[in-house]
Structures are given as C-alpha cells and as structure tokens.
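Subject: Structure handover

Hi,

Here is the model I promised. Please load it first, then read the notes below.

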Amino acid sequence: MDIYILDLLVIGLLLLIVTLGSGWIARLPLSFALIYLLVGIFLGPYGVKLIQLRPDAQFLERVTEFVVLISLFSCGLKMNRNLYLGAWRSTVRLIGFLMPISIFGIAAVGHWLLRMDWGTAILLGAILAPTDPVLASEVQISHVEDRDELRFGLTSEGGLNDALAFPFVYFGIYSLKDSNWDNWFKQWVAVDLIWAIAAGLVMGIVVAKAVVWIDKRMQKIETVDELMEDFVALSIILLTYSLTEIVNGYGFLAVFVAGIVAQRSYRDPEKRHSQLEFIEQLEKLLEVGTILLLGSILRWPAIVAHAGEALLVAMLLIFVIRPVGAWISTIGARLRPVTRWLYGWFGIRGVGSIYYLCYAFGNGLKDQLGEQIAWITYITIVISVVIHGISSTPIVNWYEKLIEREKSKLVEPDVVAK
C-alpha cells in the first residue's frame, strides 16, 4: 500500500484523538507538542517508518517561517493593554534585559565551554534565546479579556522576541563570512539593528491600518461572504510580512505589531474574536505538522555524537541562564515573586529556533560547524518540549489556584463587613 495513504490515515487518527481527547489531555502533565513529537518519532525511521522524508533546510525554513508568522499574529491579536510604556513594563524587561542576557549567556557557554569563536557562539545564542510563540500557547493569554501579568508578559515576549534576536542572527552570519568585525559592524548597527526594527514597527502599523480601512469600506458597499471574512486576517499577515521584507525590515516584528493594530482597529468585538479563533485553529493545525516533522528527522547517531554539548547548553539554558536572567531582569518590578520565577521557567524553545537555524544554513552556516549547531538546537528543543510539556500543566494549575486564593483573601474583609 502507498505510504502516503498510510501517513494520511495516521495523521487523521492523531487529529481525531487529540481533538476528542483534548479535555483529558489538558488535565494531564503533557503538552500537545510532546504528544506530536512522540508520534513523529514513532512514524520516523526508528518507528514504523511511515515518514521517510528528510527535508532540506530551505523546505524547513519556509514551513517554520509560515508557522511562526501565524503564531506571531495570534500573539498580537491577544494584546489587550493600552499602548503606553507603563502598561508594558514586564514586556520591556523581558525583551530589553532578559533577551540580551539569554543571548550572551548561551554565547558564553558556546565560547568558553564548547570552544566556539565569539561570532559563532553569538549565532548559537540568537538561535536558542527566543522563547517560542508557537509551542507556548498553554502559558499565554487564552482570551482577550485575560489580564494576568504572567500570561501577558509571556505572550508579549513571544511576539517581540524577533525584534532583538534577529539582529544577532545576522551578527553571527556576518562573522561566519568575515571574522574582521570592523568591515561590517557599522553597517550591522545601522541596517540590521536600527533600520530593520524601525521599518518593522512602521510597516506593521501602516499595512494593518490600510487593510482594515479597505475592509471596512468594502463592507459598507457589499457584505463579504461569512465563510471568507476571516481570510482578511491571513491577508494582513502575508501583506505585512512581504512588504516589510521588501524594505529590509523585520517581517516577524511587523506581523506581531499588525496583530495589535488589527484587533484595536475593529470596533466590533465579534470580528476580533472571530479572527483570533480562525488564526488559532490554523496555528494548532500547523503546529501538528511541524512537530511531527521534527520528531521524524531526529537521528540517533547524530544525537549520540552531540549529546554531551547539547545537554550542557540545554541544562544551563533551562535551569540557570533563563531563570537567573528573568530574576535579574525583574529586579525592582512590582511583581509577585512567583511571577518572577515563572517567567524564568516558562521559556520553551521550539519552531522559532528551527527557523533561525535554517535561515543561517541558507546564509553561510555549513559543514561540521553547521552540523554541531543544528544538533545542539534540535536536542535542546526536544529537551525543552519534554521538560516544559510535562511541567506546564501542573504548574499552571497550581499558579491559577494560588491567584484564586489571593483574590478570595482580598474579598473576605468586605464579606465580613457586610
């Protein structure tokens, strides 16, 4: 029988099981990503060998690029705070302090413990430092009315990672091509740091506002088919990303900003909820395919060859660099201690890191160094999916109970007074 037909059969069964069993799965110490990863391994060369595809870097780059775009727009749609600095204090700390600490913490491990040169080590840091907006949905804002500071901080961090990670991906790529930093450092600062970020912010606002304006005008003239209406959100994503990339801005950043602008531009709350629901469904479907693919491409000899250095990076990142960095970054913030610690724990790595890795492969990363960085990245993602997948549900349940107890204590005096 054709293996393709068997693949469709297995994937169909997987979708049916995780959909109908989602209520039970949500109560277990498992994440959906962990289930998809295990199924991907089972379908790969060390299982029943139904998935025999070994995708090249360009294919993986395009797939993960689209998945991240959908997830970033979803993060933007969930942002429910006014656009002034005071409301985004936790985001500023997580992006402005924790991100650089994570990048250079990983780079220090790569340079001093793995004997990489600084440029390569910084590239590794830029690939692994960003938290993943795709796999972290369980600890992000679940609906637009959610005002929890922990969820808001993690969601906004996932959306804005690329504003500071991508410049350092470029930094690492330039250093691979030319070890003399003087030849390209000024251009990197001007173009890849300042211009690309500014262009991403501006294009995210302009394109989203333009599409929403056109949508509203057209709706007054002729009502759009209800089944097609949510495709407007998809058009905002694609137009924003492509036009931003044309002007050499950061398309990922622009798409996140476009999500914020879009949800604030529609006065009809039903429109916002409908768009978010559509994008989240698309995001979940794409997550299945991407993580299945990751599980199927894992190779035991390569894992064994790079296990030592990958375990070193992953353990230090998950248990030292991220938690300590989060605590340092939130010093002086008006946050519960538990919130500060959970910022440090919920730093799952995933699809975004695969995209950065594949992008680097397409722009100069190769040979033994490429193999080393690739397998450190893959193994770190797998470890993160397992550890965070097992721990996220019980920790989130515990956190929500803690918040409920705090709220009940605040209500008690009023009840007694009555």
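Five helices each supply at least two residues to the lining of the largest pocket: H1 (3-20), H2 (22-27), H3 (32-43), H11 (269-297) and H15 (367-417). Helices are DSSP runs of H or I with at least four residues, numbered from the N terminus. A pocket is an open set of points on a 1 Å grid over the protein atoms alone, where a 1.4 Å probe fits, with protein on both sides within 12 Å along at least five of seven lines; lining residues have an atom within 4 Å of a point.

This is a predicted model: local features need pLDDT of at least 70, side-chain atom pairs need 80 or more, and totals for chains, interfaces and linings use all residues. Numbering starts from 1 along each chain as its sequence is written, and side-chain values use heavy atoms, without hydrogens or water.

The largest pocket has a volume of about 560 Å³, the space filled by probe spheres set on the grid points. Of its 26 lining residues, Ala26, Phe32, Ser137, Glu138 and Lys284 are the closest to the centre.

The second largest pocket holds about 370 Å³. Its lining has 17 residues, and Leu83, Trp88, Leu201, Val257 and Ile260 are the closest to its centre. H10 gives the largest share of that lining, six residues.

Now helix H6 (residues 118-128). It is largely enclosed by the rest of the structure, because 10 of its 11 residues are buried (under 20% relative accessible area, 1.4 Å probe, protein chains only). Asp117 caps the N-terminal end of H6, with a side-chain oxygen 3.1 Å from the backbone nitrogen of Gly119.

Best wishes

Definitions and conventions
Buried means under 20% relative accessible area, exposed over 50%, partly exposed in between (1.4 Å probe, protein chains only). A polar contact is a pair of N or O atoms within 3.5 Å; within protein, one must be able to donate a hydrogen and the other to accept it, and residues adjacent in sequence count only if both atoms are side-chain atoms.
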